[in-house]
Amino acid sequence: MDNKKLGQIIDKYKITQVYHLAAILSASGERNPKLAWDINMNGLLHVLELAREKKLSKIYWPSSIAVFGPHTPSQQTSQYAVMDPNTIYGISKQAGERWCEYYFQKYNIDVRSLRYPGLISYKTPPGGGTTDYAVEIYHKALEGGPYECFLNEHTYLPMMYMPDAVKATLKLMEAETNTITIRSSYNISALSFSPKEIAAEIKKHIPGFTILYKPDYRQEIADSWPGSIDDSVARIDWGWQPEYSLEAMTQDILVNLKRLKMQEVS
């Protein structure tokens, strides 16, 4: 948020590319909308302005499926579907997409972006997002307790395992400039599942695992988002292809998260 200091860092280390990931996520943003708007929007504008002033070669900024809203078609949501977000996170991401395309068109800034679905990682604790149940559930399963889910059992949301998210980001950034046709943000997808389905997959490895459902305010947010995403433009433009299925992701997370928890105890 300190654009002067950011500019000094760019000069000092001769930075040519910036991956600007900082944001306040959906559920956290609803608790403090003005702060979320300030950080999500002005942080991006600082980076874009510095890219223009200092002629940086590439900028990466993530958007989100939160740009979609209650009037967006919920299945196989297309690249150019209606966007009417009803969270401050989604509103800031939609505005950010327009700023990114504006800076590309007006100043030829090579900005690239992905509309991430829910991201799942065993290395990072939940960060205040509506899709965080898909991270929390693995922790609870290994701790032996039941998991109380804040979404109902049939809530389908697009998801992605972190290795696929990193792979997609780098693949986009390494793509030749003439292959990039989307300067707002690319739809990107890998998985779609419900809490009931992820719980069933966990039970294959931990038979005694149980899940309870107690939907809260995050259910309304989830209900406004798509259940599945059409990412055909990304697949055509720069060859996107996910690797992890729900089964492969669950096995990998349980093995690695168990190892990390044992290291913490020792």
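**View 1. Contact of helix H5 with helix H7 in the predicted model.** In this predicted model, Tyr133, Ala134, Ile137, Tyr138 and Ala141 of H5 meet Pro195, Ile198, Ala199 and Ile202 of H7. The residues of this contact divide into 9 nonpolar, no polar and no charged. The two helices pack at an angle of about 30°, with their axes 11 Å apart; because angles under 35 degrees count as roughly parallel, H5 is roughly parallel to H7. The crossing of H5 and H7 is right-handed.

**View 2. Contact of helix H5 with helix H10.** Helix H5, spanning residues 133-143, and helix H10, spanning residues 246-265, pack at an angle of about 55°, and their axes lie 10 Å apart, which makes H5 oblique to H10. H5 passes H10 in a right-handed crossing. On the H5 side, the contact is formed by Tyr138, His139, Leu142 and Glu143, which meet Leu246, Met249, Thr250, Ile253, Leu254, Leu257, Lys258 and Lys261 of H10. Sorted by residue class, the contact of H5 with H10 comprises 7 nonpolar, 2 polar and 3 charged residues. Tyr138 of H5 is listed in the contact with H10 and also in the contact with H7.

**View 3. Helix H10 and its buried residues.** H10 has 20 residues and reaches 28 Å from its first C-alpha to its last, which is close to the 28 Å expected at 1.5 Å a residue. Within H10, the residues Leu246, Met249, Thr250, Ile253, Leu254, Asn256 and Leu257 are buried. An α-helix has 3.6 residues a turn, so residues three or four places apart point the same way. The buried residues of H10 pack against strand E6 (118-120), helix H5, strand E8 (157-161), strand E10 (191-193) and helix H7 (195-203).

View 4. Asp2 and His46 are 44 residues apart along the chain, and their C-alpha atoms are separated by 8.2 Å.

Definitions and conventions
Residues numbered from 1 in each chain as written. Predicted model: local features only at pLDDT ≥ 70, side-chain atom pairs only at ≥ 80, totals over all residues. Heavy atoms only, no water. Axes fitted to C-alpha atoms, helices over the stretch in contact; angles between N-to-C directions. Helix = DSSP H or I, 4+ residues; strand = E, 2+ residues; numbered from the N terminus. Parallel < 35°, antiparallel > 145°, perpendicular 65-115°, else oblique. Left-handed = near helix turned anticlockwise from the far one by under 90°. Contact = heavy atoms within 4.5 Å. Nonpolar A, V, L, I, M, F, W, Y, C, P; charged D, E, K, R; others polar. Expected span 1.5 Å × (residues − 1). Buried < 20%, exposed > 50% of the residue type's maximum accessible area, 1.4 Å probe, protein only.
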